[in-house]
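Reader: Could you take me through one part of this protein closely, namely its pockets and what lines them? I would like the cut-offs behind each term as you go.

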Amino acid sequence: MILSCGEALIDMLPRESAQGEAAFAPYPGGAVFNTAIALGRLGARSGFLSGLSEDLFGKMLIHSLSDSGVDAGLAVRSDRPTTLAFVTLTDGHASYAFYDENTAGRMLKIEDMPAIPGEVKAMFFGGISLPVEPCGAAYEALMLREAESRVTMIDPNIRPGFIGDEAAYRARLERMFAVADIVKVSDEDLRWIEGPGTIADLARGLLAKGPKLVFVTEGATGAHGFSKHCEVFVPARKVEVIDTVGAGDTFNAGVLAALDRADALDKRRLAGAEEELIADCLKLGVAAAAVVVSRAGANPPWSDELA
């Protein structure tokens, strides 16, 4: 199983009513939730660990996980509310206003984190769960606890407006990068973390922090993969973009699903990853993300849509 650990929320996407009024429609989402859903749809055995509410939105999230074949048995249930993210779209690109105080996901603590069963061979972390407390400390502690015995991947999916204590957040990312096997960032995230420079130089800076593989997405241009031995680029597919919600999250699932299909969710295999394996990860990630951006909201493809 690949276990995705992080937030689940409801994306409130802008719509127009039949009377022409501005409206919002609720869609299950959250960066880590989206990755779990995409993994299930791509045929990987997918699990999800988060704090989930018993409210109507929490039930919507549980149903979405089940419908995509995702095991939510490790999720922590509570009567706290579900996080909401109101989305604004500008030329198809999403910006977010989060309502997250005292929510089921936000209030997870270190002591809430369950024992991880042996069937879990890889764990994915990231999203808005990391810069906030107490859940940020809980996910960090879980990753540090499990990283020695399982493959771990992190995509910080940085939202600057959501970061209250930038110094503490940067320090957390440094600790998590140090134990991660795989780090994925967008080109914008990469420059937020590493500063100005070329993608290749900055990615090598990330590799020096500890991971075996670094993937960098560059929007409509394509995606890059780096190891200490090689670097690979795969161009984006040309599609009509509806919106970019969930694109990076689905790319992450493509990377992990490709590694799973190659039986490469193994620390030694990742340390010696050859160009062909990295290219396969990029190709599946790019193909899956191309489907997501061609339709509204975070709606990852099923494996037969990519055949």
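**The largest pocket and its lining**

Of the 46 residues that line the largest pocket, His93, Gly219, Thr244, Ala247 and Gly248 lie nearest its centre. A pocket here is found on a 1 Å grid over the protein atoms alone, as an open set of points where a 1.4 Å probe fits, with protein on both sides within 12 Å along at least five of seven lines, and lining residues have an atom within 4 Å of a point. This is a predicted model, in which local features need pLDDT of at least 70 and side-chain atom pairs count only at pLDDT 80 or more, while totals for chains, interfaces and linings use all residues. Residues are numbered from 1 along each chain as its sequence is written, and side-chain values use heavy atoms, with hydrogens and water left out.

The space in the largest pocket comes to about 1,200 Å³, a volume being the space filled by probe spheres set on the grid points, which are joined across faces, edges and corners. Two or more lining residues come from each of strand E2 (9-16), helix H1 (31-41), strand E9 (93-99), E12, helix H5 (187-194), strand E14 (222-226), helix H7 (247-261) and helix H9 (275-293); helices (H or I, at least four residues) and strands (E, at least two) are DSSP runs numbered from the N terminus. E9 gives the most, with five residues. By type, the lining divides into 22 nonpolar, twelve polar and twelve charged residues, where Ala, Val, Leu, Ile, Met, Phe, Trp, Tyr, Cys and Pro count as nonpolar, Asp, Glu, Lys and Arg as charged, and the others, Gly among them, as polar.

Strand E12 (residues 182-186) contains Lys184, which counts as buried because its relative accessibility is 3% (buried means under 20% relative accessible area, exposed over 50%, partly exposed in between, with a 1.4 Å probe and protein chains only). Beyond its neighbours within four places in sequence, Lys184 has contacts (heavy atoms within 4.5 Å) that include Asp155, Phe215, Gly248 and Phe251. Gly248 is also one of the residues nearest the centre of the largest pocket.

The second largest pocket has a volume of about 190 Å³, and its lining is made of 14 residues, with Pro28, Arg41, Ser64, Ala298 and Asn299 nearest the centre. H1 provides the largest share of that lining, four residues, and the lining as a whole divides into seven nonpolar, five polar and two charged residues.
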